[in-house]
Amino acid sequence: SLAKGFSDVERAVCSMVSGPILSGAQEQCTDASWTIPIFLALPYLWRLLQCIRVYIDTGNKQQLWNALKYTTAFPVVFFSFAKYHVGHQEWVSLWKPLWLFAAFINSSFSYFWDIERDWEISFFKNAAKKNPPKLPSPTQIPARAYHYLMISNLILRLSWAYKLSPHLRRNHIIVFVIVILEAFRRFQWIFARVEVEMRKVQLAHPDMGQLVPGLGRRRHVGLPSTRGNVSA
């Protein structure tokens, strides 16, 4: 989520060190600057290195998959950046399809990780077996709320590729709206994520008391079927 913020800081610093900001003579601070994708990619690089460090310290192989998730952001940034350095026809025929494909992979991987790992919902695994998804148990979040979280998270994950794309940064209003929506997505995401961590803490430290009511007495709760009964 810091990617756009870091990119904006880079633009601001470039403008300040290039002379009077209102002079109009700042050709070096253009959207084609190679520093923009670097600063967009920095937060993902840091998270990638954090995951590798955790793997080295703990041997948890899941951290390698988490590192791979952050790696998928790099092609989105740099394929988009290519628009400023190739001809229009080459962009349309080669680089734009690559950018769209990279954005799809990044959003899909991130969405999978949110559902299966961060929220511990057995959704994709059960779908492959034609079984209904299962919520982590116990949970204080209603099943309908989980339905909403999964749908809204998918939509907002897909839109996030816009913010990572340097060639789309000119439309400041849309970028601003998407940044606000990302903050809202994180706000929603944190409720399910905190409950997951509370379950882990309670299992590891039962002496801390009952952090999640019902923990240890139930296993999983299936999401009620919505087949033929889907409401907006």
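This report walks through salt bridges in a predicted model.

## Ground rules

Because the model is predicted, local features need pLDDT of at least 70 and side-chain atom pairs count only at pLDDT 80 or more, while totals for chains, interfaces and linings use all residues. Residues are numbered from 1 along each chain as its sequence is written, and side-chain values use heavy atoms, with hydrogens and water left out.

## The overall tally

Searching the whole structure turns up 10 salt bridges. To count, a side-chain nitrogen of Lys or Arg has to sit within 4 Å of a carboxyl oxygen of Asp or Glu.

Some of these contacts join up: Asp-114, Arg-157, Glu-182, Arg-185 and Arg-186 are linked in a network of salt bridges.

## A pair in helix α2

Arg-53 and Asp-57 make a salt bridge at 2.9 Å, N to O. They are four residues apart in helix α2 (residues 35–58), so about one helical turn separates them. Helices here are DSSP runs (H or I, at least four residues), numbered from the N terminus.

Arg-53 is exposed at 53% relative accessibility, and Asp-57 is exposed too, at 51%. The cut-offs are under 20% relative accessible area for buried, over 50% for exposed, and in between for partly exposed (1.4 Å probe, protein chains only).

## Two pairs in helix α8

Glu-182 and Arg-186 meet at 3.1 Å, N to O, and are four residues apart in helix α8 (residues 172–204). Glu-182 is buried at 4%, whereas Arg-186 is partly exposed at 34%.

Arg-199 also bridges to Glu-195, with the closest N and O atoms 3.3 Å apart. Again the spacing is four residues in helix α8, about one helical turn. Both Arg-199 and Glu-195 are buried.
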